Amino acid sequence: MLEPMATRKNSTDDPLAPLTLAVGQEELLLDRAVREVVAAARAADADTDVRDLASEQLQPGTLAELTSPSLFSERKVLVVRNAHDLSADSVKEVKAYLAAPYEEIILVLLHAGGVKGKGLLDAARKAGAREIACPKMTKAADRLSFVRGEFRTLGRSATPEACQNLVDAIGSDLRELASAAAQLCADVEGTIDEAVVARYYTGRAEASSFTVADRAVEGRAAEALEALRWSLSTGVAPVLITSALAQAVRAIGKLASAPRGARPGDLARDLGMPPWKIDRVRQQMRGWSADGVSDALRAVAAADAGVKGGGDDPEYALEKAVVAVARAARPQRR
């Protein structure tokens with residue numbers, strides 16, 4: 001028979017703690033928090049009963065029914081998703097349960113955080129919940145850290161350039177980033193570098209307008225043109241490419257005019273760029289001059305007018321702009 005626990009101090013790293021609180025809106029991280037608890041419970045008891053409930057399924061009385069004593073004293077994992085959406089009566093019932101949880105039952109609450117349902121969030125924390133942060137990763141720097149963490153978790157080494165290129169190629173979907181990292185680790189031996197990522201994800205990376213811009217401002221005209229043609233063939237809108245070119249050149253101009261010796265964090269705040277971009281632009285700006293920035297901006301403006309109806313051949317206008325930007329980046333090669 002299940003016995004209620006009067007008190008139990010929850011270890012912050014013990015997935016078998018009686019209460020786990022996963023807070024945030026990143027679905028992949030929330031799912032991982034659930035899987036970790038379930039895996040630990042089934043490792044301890046292969047017959048663990050898992051109940052995964054949406055908030056609307058936890059009606060008043062449901063929790064009492066699911067936690068009622070059984071003849072077999074079985075281990076249970078009860079997962080409640082979107083706990084912030086629980087009704088007032090259900091919240092009251094959960095709070096009452098938190099005051100005296102059962103030994104063989106693990107309750108996992110998934111909560112978005114924020115103001116909605118904050119009473120339950122506070123009660124779970126007060127009860128000593130093991131808490132896992134699952135924030136939505138809206139910043140590129142956060143996704144980059146996530147990818148680095150994936151490779152570390154998988155026991156593999158990946159260069160900073162490889163991690164950045166993978167983020168550039170895949171985008172903001174954490175599930176796809178995690179899958180791509182796992183695929184590379186499964187298929188490739190040794191350190192995962194930029195060339196490996198390019199070999200696997202070159203189509204996706206080169207389809208990006210920002211890849212065209214990056215290669216152009218680095219003075220790599222041939223690679224920029226190759227990326228441009230691939231982008232156009234895969235349906236990237238020409239206006240997105242001129243926009244990316246303009247952003248890349250302006251970023252170089254902004255950083256070039258910034259005070260020397262300023263810290264990356266201060267520059268990021270003053271220039272409106274994330275810190276990781278400061279580092280990238282600093283590498284790209286080698287070889288650029290004030291005249292080069294002016295020439296490049298004029299070339300991009302002309303291309304922008306061309307793709308918006310001011311010329312007969314938008315693709316040719318883009319190619320001219322890409323070549324002009326690449327030449328401006330390497331004036332000594334003119």
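At what angle do helix H10 and helix H15 pack, and how far apart are their axes? I looked this up first, keeping in mind that the model is predicted. H10 covers residues 221-233 and H15 covers residues 314-329. I get an angle of about 155 degrees, with the axes 9 Å apart. The cut-off for roughly antiparallel is over 145 degrees, so H10 is roughly antiparallel to H15. I also noted the handedness: H10 passes H15 in a right-handed crossing.

Next I listed who touches whom. On the H10 side I have Ala221, Ala224, Leu225, Leu228, Arg229 and Leu232. H15 brings Glu315, Leu318, Glu319, Val322, Val323 and Ala326 to the contact. Sorted by class, that contact has nine nonpolar residues, three charged ones and no polar ones.

**The other partner of H10**

I then turned to helix H9, residues 209-217, which also packs with H10. Here the angle is about 165 degrees and the axes are 8 Å apart. That makes H9 roughly antiparallel to H10. I wrote down a left-handed crossing for H9 and H10, whereas H10 and H15 cross in a right-handed way.

Which residues make the contact of H9 with H10? From H9 I find Thr211, Val212, Arg215 and Ala216. From H10 I find Glu223, Ala224, Ala227, Leu228 and Ser231. The classes come out as five nonpolar, two polar and two charged.

**Aromatic pair**

The partners are Tyr97 and Tyr102, with 6.1 Å centre to centre and 40 degrees between the planes. The pair goes down as tilted. Are these two tyrosines buried or exposed? Tyr97 is buried at 8% relative accessible area. Tyr102 has 18% relative accessibility; the cut-off for buried is under 20%, so Tyr102 counts as buried too.

**Single residues**

Where does Glu150 sit, and what is it in contact with? I found Glu150 in helix H5, residues 140-153. Glu150 is a charged residue, yet it counts as buried, at 11% relative accessibility. Setting aside neighbours within four places in sequence, I see Glu150 in contact with Arg32, Ala178 and Ala181.

Ala251 lies in helix H11, residues 238-256. I have Ala251 down as buried, with 4% relative accessibility. I also checked Ala251 against Ile278, which is 27 residues apart from it along the chain. Their C-alpha atoms are separated by 8.7 Å.

Asn82 made me stop for its backbone. Most residues other than glycine have a negative phi. Asn82 has a positive phi, near 50 degrees. I placed Asn82 in the loop between strand E3 (76-80) and helix H3 (88-98). With 37% relative accessibility, Asn82 counts as partly exposed.

**Whole-chain tallies**

I count 15 helices and five strands in the protein. Of its 334 residues, 44% are buried. Looking at contacts with a separation of 6 or more, I find that 75% are between residues 24 or more positions apart.

Terms used:
Residues numbered from 1 in each chain as written. Predicted model: local features only at pLDDT ≥ 70, side-chain atom pairs only at ≥ 80, totals over all residues. Heavy atoms only, no water. Axes fitted to C-alpha atoms, helices over the stretch in contact; angles between N-to-C directions. Helix = DSSP H or I, 4+ residues; strand = E, 2+ residues; numbered from the N terminus. Parallel < 35°, antiparallel > 145°, perpendicular 65-115°, else oblique. Left-handed = near helix turned anticlockwise from the far one by under 90°. Contact = heavy atoms within 4.5 Å. Phe/Tyr/Trp six-rings, centres within 6.5 Å; stacked < 30°, edge-to-face > 60°. Buried < 20%, exposed > 50% of the residue type's maximum accessible area, 1.4 Å probe, protein only.
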